[in-house]
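Please have a look at the structure before reading on.

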Amino acid sequence: MQLPQTPSMRLDGKRALVTGASRGIGLGAACALAAAGAHVVMTARSPDELNAAVESMQQAGYGCEALVLDVTNTSQVRESLTALPAFHVVVNNAGANRPGPMSEASEEDYDFVMNVNVRAAYFLAQVAIEGMKKEKYEGCIINTSSQMGHVGGIDRTIYCTSKFAIEGMSKALAIEVAEHGIRVNTICPTFIATPFTQKTLEDPERVAWIKSKIKLGRIGEIEDVMGAYVFLASDAASLITGASLLIDGGWTAG
Ligand SMILES: NC(=O)c1ccc[n+]([C@@H]2O[C@H](COP(=O)([O-])OP(=O)(O)OC[C@H]3O[C@@H](n4cnc5c(N)ncnc54)[C@H](OP(=O)(O)O)[C@@H]3O)[C@@H](O)[C@H]2O)c1
């Protein structure tokens, strides 16, 4: 009897782009994709931290390179990406948050968060998809969204606005590019210990709130999200598009 075979989760020969890859979840995604065989172009604004991350990965034997890039500078994004060979896997991960009550939010706070979390991801995906279509790559876009793209959170009106937006954008884009075999999905972590959440995780009241919501009873680590990037990028996920993969320890389960 011929048994079904699990499709490969290797990414040998694939080119991946990860934004916000110098630390935190983006660095985790870059390491995971590189460990699966992809060559990873890693972007961030601060060259020192980015170069240090790339050097450490190269020392570990991973194929990767640095690309200093502010994703909110859409003309720079277009110029940089069109100068490079196309990518099979694109992870829109760079993100921002300005937590606080809506009553204290400024228009600048709103524009800042929406600009990085939504606008930049939108136009980067636009350029990346042009490259995939040109090369006839059945590639994929993976947007790092959040559980806050599914539920509300304290002091997070702008952040939730942005993450619900990326959820909608990903679904609509998934429909648009499906005919080219290109897939678009999101990964939605709960609170993960990174520099991004450091301040929140130093506040005992907030930590009590977070732990009361995460059914598995612990805050996430970068390693908790890494496998999801490889899975969604791989042949094992070839029929998955327009989906949202929650890694929330059960927060949104009820
Ligand atoms: N940590 C969590 O609990 C959590 C939970 C759910 C979702 N997320 C999402 O996961 C993503 C990554 O979060 P993280 O916790 O890993 O954050 P992080 O540790 O602060 O890392 C953010 C990364 O994005 C880069 N970045 C920020 N603004 C950028 C810009 N304008 N252009 C290019 N790169 C930029 C940073 O490098 P530079 O500053 O040098 O540019 C850094 O590499 C975000 O989209 C966030 O919303 C995080």
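## About the model

This is a predicted model, in which local features need pLDDT of at least 70 and side-chain atom pairs count only at pLDDT 80 or more, while totals for chains, interfaces and linings use all residues. Residues are numbered from 1 along each chain as its sequence is written, and side-chain values use heavy atoms, with hydrogens and water left out.

## The cavity

Searching the whole structure turns up one cavity of 30 Å³ or more (on a 1 Å grid over the protein atoms alone, a set of points where a 1.4 Å probe fits but cannot get out; lining residues have an atom within 4 Å of a point). The volume of the largest cavity is about 80 Å³ (the space filled by probe spheres set on the points, with grid points joined across faces, edges and corners). It has 13 lining residues, and Asn92, Asn93, Ala94, Val116 and Ala121 are the closest to its centre.

Elements giving two or more residues to this lining are α4 (107–135), β5 (140–144) and α5 (157–177) (DSSP runs numbered from the N terminus: helices are H or I with at least four residues, strands E with at least two). α4 gives the most, with four residues. By class, the lining of the largest cavity has six nonpolar residues, six polar and one charged (Ala, Val, Leu, Ile, Met, Phe, Trp, Tyr, Cys and Pro count as nonpolar, Asp, Glu, Lys and Arg as charged, and the others, Gly among them, as polar).

## The pocket

The largest pocket holds about 960 Å³ of space (a pocket is an open set of points with protein on both sides within 12 Å along at least five of seven lines). Among its 42 lining residues, Asn93, Ala94, Gly95, Ala96 and Phe196 lie nearest its centre.

Two or more lining residues come from each of α1 (24–35), β2 (39–44), α4, α5 and α6 (198–201). Which element gives the largest share of the lining of the largest pocket? That is α4, with four residues. The lining of the largest pocket divides into 16 nonpolar, 19 polar and seven charged residues.

## α4 and its partners

α4 and α5 pack at about 15 degrees with axes 9 Å apart (axes are lines fitted to C-alpha atoms, for helices over the stretch in contact, and angles run from 0 to 180 degrees between N-to-C directions). This makes α4 roughly parallel to α5 (angles under 35 degrees count as roughly parallel, over 145 as roughly antiparallel, 65 to 115 as roughly perpendicular and the rest as oblique). The contact (heavy atoms within 4.5 Å) includes Val113, Ala121 and Ile129 of α4 and Ile158, Ile166 and Leu173 of α5. Its residues divide into 15 nonpolar, three polar and two charged.

Helix α3 (residues 74–82) comes within 10 Å of α4, axis to axis, and the two cross at roughly 25 degrees. That makes α3 roughly parallel to α4. Thr74, Val77, Arg78, Leu81 and Thr82 in α3 meet α4 residues including Arg119, Phe123 and Glu130.

## α1 and α8

α1 packs against helix α8 (residues 223–233) at about 50 degrees, with axes 8 Å apart, so α1 is oblique to α8. On the α1 side the contact is made by Ile25, Gly28, Ala29, Cys31, Ala32 and Leu33, and on the α8 side by Val225, Met226, Tyr229, Val230 and Ala233. This contact has ten nonpolar residues, one polar and no charged.
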